[in-house]
Amino acid sequence: MPFGSADRELLRQVSNQLSQLTADLAAVKQQVADQQHAIDQTRQDTNAAITTGLAEIRAVAREGLARTNEIVTGPVANIGNELVALRGAITQLGNRLQGQAASPPEPAPEAVTPPAVEPQPAPASEPEPADLEPQSASDPDGQPEPDEDTLRAAAGISAATLHAHRDTWEFLIKHAGTDRHFHLPAEVRDTEGTILAKVSGPSLVAALTSLHHVSHTAADPGTRAIAAHLHERLTETVQEIVTRPHRGDGADPVRIVIDDRAKPAEEREE
């Protein structure tokens with residue numbers, strides 16, 4: 001039976017409703033796509049912000065650790081050097097006190113009436129000063145004085161870098177640290193037990209005089225040997241500067257390396 005006008009109207013309404021549903025479905029799809037894009041963008045912005053924040057936190061932490069090392073390392077090194085110098089001063093004071101205690105004062109001689117002495121004839125002639133043997137320059141204890149030319153050359157050195165073992169550095173501080181011309185260097189680096197210290201010319205003069213004195217007066221033979229060896233190495237460096245002097249820019253930095261070693265096996269076989 002053919003469709004009537006009422007059926008055609010119903011079909012038209014159904015078609016309109018389907019078109020509206022299709023349009024609504026497309027709108028919903030677009031909203032979902034927009035929300036998904038917003039979510040993705042938010043995720044990317046969040047990840048970027050977190051990454052940037054972590055990088056800034058790491059940079060701040062590294063900078064804080066670096067500043068902490070700079071603040072702590074320098075004072076700790078200076079405190080260690082000062083403790084070594086104090087230990088050396090205390091040791092020297094103890095040695096002096098022991099030396100004074102070991103040699104008691106001589107008793108005062110009793111008053112004795114001298115016997116009558118018969119007059120003796122005067123000697124024929126006094127020895128001339130030219131007949132006396134010349135005495136070498138020495139201190140009151142009979143110890144030869146350090147070479148003044150070497151001391152003057154050491155005083156002219158602006159700064160020298162000393163390479164030595166930590167124990168050798170402590171020995172030098174112990175025996176030269178009490179000298180009025182010795183100054184603890186501001187820069188002392190400890191690299192795996194090796195000390196790199198920048199010492200001044202006056203400090204080198206103090207080291208030379210102190211080590212020279214210890215090498216001649218110390219009671220312990222090991223102490224004398226160490227002091228003599230260090231004195232010899234310092235003197236060799238200063239003498240090299242005397243033989244090849246250079247002032248101003250372009251001069252090689254002064255380096256004092258106390259690190260004696262045996263030759264390699266290949267050179268010994270040759």
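**Sheet and helix packing in the predicted model**

Val188 stands opposite Ala197 of strand E3, where strands are DSSP runs of E of at least two residues, helices are runs of H or I of at least four, and both are numbered from the N terminus. The model is a predicted one, in which local features need pLDDT of at least 70 and side-chain atom pairs count only at pLDDT 80 or more, whereas totals for chains, interfaces and linings use all residues. Residues are numbered from 1 along each chain as its sequence is written, and side-chain values use heavy atoms, with hydrogens and water left out.

Strand E2 and strand E3 (residues 194-200) pair in the antiparallel sense over four bridges, pairing being assigned if DSSP finds at least two bridges between two strands. The two strands form a hairpin with two residues between them, and Glu192 in the turn has a positive phi of about 55 degrees. They belong to an open sheet of four strands, ordered E2-E3-E1-E4, with mixed pairing. The edges of this sheet are strand E2 (188-191) and strand E4 (254-257), each of which pairs on one side only. From one strand to the next, the twist averages 20 degrees.

Helix H3 (residues 166-176) packs on the sheet, where it touches strand E1 (159-165), E2 and E3, and its direction makes about 120 degrees with that of E1; contact here means heavy atoms within 4.5 Å, and angles run from 0 to 180 degrees between N-to-C directions, with axes fitted as lines to C-alpha atoms, for helices over the stretch in contact. Helix H4 (residues 201-217) lies across E1, E3 and E4 and runs at about 110 degrees to E3.

H3 also packs against helix H5 (residues 221-243), at an angle of about 95 degrees and with the axes 11 Å apart. The two helices are therefore roughly perpendicular to each other, a class that covers 65 to 115 degrees. Thr168, Phe171 and His175 of H3 meet Thr223, Ile226, Ala227 and Leu230 of H5 in this contact.

In helix H2 (residues 148-155), Thr150, Leu151 and Ala154 are buried, that is, under 20% relative accessible area with a 1.4 Å probe and protein chains only. These residues cover an arc of only 100 degrees around the axis, which puts them on the same side of H2, the arc being that of the directions from the helix axis to the C-beta atoms. The cover over the buried residues of H2 includes H4 and H5.

Notes
Angles under 35 degrees count as roughly parallel, over 145 as roughly antiparallel, 65 to 115 as roughly perpendicular and the rest as oblique. Buried means under 20% relative accessible area, exposed over 50%, partly exposed in between (1.4 Å probe, protein chains only).
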